[in-house]
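Please look over the sequence and the model below.

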Amino acid sequence: MSNYRRILEPGAQYFFTVNLHNRQQDLLIRHADLFKNIYVNINKRHPFKTIAICILPDHLHCIWQMPAGDNDYHKRWRLIKSAFTRALKKTGHNNKIWQNRYWEQQLRDERDLNNHIDYIHGNPIKHGYVTDLQDWP
């Protein structure tokens with residue numbers, strides 16, 4: 001039994017890590033346009049502000065600012081993940097796409113926000129995809 005509890009504060013800023021089930025796959029960059037279209041579409045229907053995002057082959061990191069009076073980031077991730085899964089199944093990909101969970105952290109203050117933005121932007125270098133951040137699309 002897990003003691004993990006999600007923090008749900010309307011209007012807060014959250015840092016997320018969302019992983020593919022198979023960390024050896026590159027589905028997020030191989031199908032980057034598809035993922036982006038789904039992400040944008042869900043954002044139009046269920047608004048949130050993306051402060052920073054980095055999509056890597058097997059996982060992504062992002063920071064969202066939730067709207068005032070709204071704390072339902074869980075619904076947004078469920079919609080994004082399920083839409084991407086359905087779209088990939090149409091291409092013949094029938095394996096499990098996502099890890100069941102994702103990780104979130106509510107950001108405490110401006111310093112915490114800036115540290116997480118730096119972490120997100122440095123991720124392609126950290127994982128060895130590029131040596132110069134300008135080279136990561």
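The model is a predicted one, in which local features need pLDDT of at least 70, side-chain atom pairs count only at pLDDT 80 or more, and totals for chains, interfaces and linings use all residues. Residues are numbered from 1 along each chain as its sequence is written, and side-chain values use heavy atoms, with hydrogens and water left out.

Glu104 belongs to strand E4, residues 103-106. Helices (H or I, at least four residues) and strands (E, at least two) are DSSP runs numbered from the N terminus. Glu104 counts as buried because its relative accessibility is 13%; buried means under 20% relative accessible area, exposed over 50%, and partly exposed in between, with a 1.4 Å probe and protein chains only.

Asp70 sits in the loop between strand E3 (59-65) and helix H3 (73-90). Its side chain makes a polar contact of 2.5 Å with the side chain of Arg76. Beyond its neighbours within four places in sequence, Asp70 is in contact with Glu9, Pro10, Gly11 and Arg76, contact being heavy atoms within 4.5 Å.

Asp26 is found in another loop, between strand E1 (13-19) and helix H1 (27-30). With a relative accessible area of 31%, Asp26 is partly exposed. The side chain of Asp26 makes a polar contact with that of Arg30 at 2.8 Å. Asp26 and Pro57 are 31 residues apart in sequence, yet their C-alpha atoms are 4.0 Å apart.

The chain as a whole has four helices and four strands, in the order β-α-α-β-β-α-β-α from the N terminus. Along the principal axes, the C-alpha atoms fill a box of roughly 40 × 35 × 35 Å. Of the 137 residues, 43% are buried. Among contacts with a separation of 6 or more, 72% are between residues 24 or more positions apart.

Key
A polar contact is a pair of N or O atoms within 3.5 Å; within protein, one must be able to donate a hydrogen and the other to accept it, and residues adjacent in sequence count only if both atoms are side-chain atoms.
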